[in-house]
Amino acid sequence: SLFEGGIRVPGILEWPARITANRRTQIPASTHDYLPTVLELLGLRHPQPHFARDGISLLPLIDGVMERRPQPLGWSLDGQSAWMDNDWKMVWSPNCGFCPHWEPPWTLDNTRILPLLFHLGDDPTESVDLRREQPDVFSRMQNQLRTFLASIEVSAETESGCSPPGLRSVPSWGGL
């Protein structure tokens, strides 16, 4: 699931030589960030700098100087997608996870759930869809998600070298 119980999990980093005191953060981070972090730590450039870069270096977060994530995070899994920009999160064409059906307040529209927009700072359980109340945020995030999904397609076709013919990671959803 691309809801918070599926992608938001706690993480621990122990590095006594660099982290001298216990600290907690709510800044989102992902495995997308590992490579940029290690490259910066080692003072290296990516061997293919023209490849799409989905992650950021977490060294400013580790050093306690990052107050907000400077770029959003995206996920695409089995036809569903999510886009998180700090407290804002969009979930597009999600599945219902372990439940065999959707629980209220979610409803289906022609056999698929509508895109959802949440403010995680106010609604960590993703219970209140703000897509209609926040059309500007929804539109901005929809465009960013579209760009991210297109970059996955480009990466699959030109960077990985292992994309089987006909593989499309960008679903053909109406409206995205």
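Asparagine 86 sits in the loop that links β2 to β3 (88-92). The phi angle of asparagine 86 is near 55°, a positive value in a residue other than glycine. Aspartate 78 also belongs to a loop, the one between β1 and β2, and its phi is near 50°, again positive in a residue that isn't glycine.

| Residue | Relative accessible area | Class |
|---|---|---|
| Aspartate 78 | 73% | exposed |
| Asparagine 86 | 9% | buried |

A word on where this comes from: the model is predicted, so local features need pLDDT of at least 70 and side-chain atom pairs count only at pLDDT 80 or more, while totals for chains, interfaces and linings use all residues. Residues are numbered from 1 along each chain as its sequence is written, and side-chain values use heavy atoms, with hydrogens and water left out.

β1 and β2 (residues 80-85) pair in the antiparallel sense over 5 bridges; two strands count as paired if DSSP finds at least two bridges between them. Leucine 73 has methionine 84 in β2 as its bridge partner. The hairpin leaves 2 residues between the strands.

Zooming out, the protein has 4 helices and 6 strands. Starting at the N terminus, the order is α-α-α-β-β-β-β-β-β-α. Of its 176 residues, 39% count as buried.

Now for the largest pocket, which holds about 1,300 Å³ of space. On a 1 Å grid over the protein atoms alone, a pocket is an open set of points where a 1.4 Å probe fits, with protein on both sides within 12 Å along at least five of seven lines, and lining residues have an atom within 4 Å of a point. The volume is the space filled by probe spheres set on the points, which are joined across faces, edges and corners.

Key
Buried means under 20% relative accessible area, exposed over 50%, partly exposed in between (1.4 Å probe, protein chains only).
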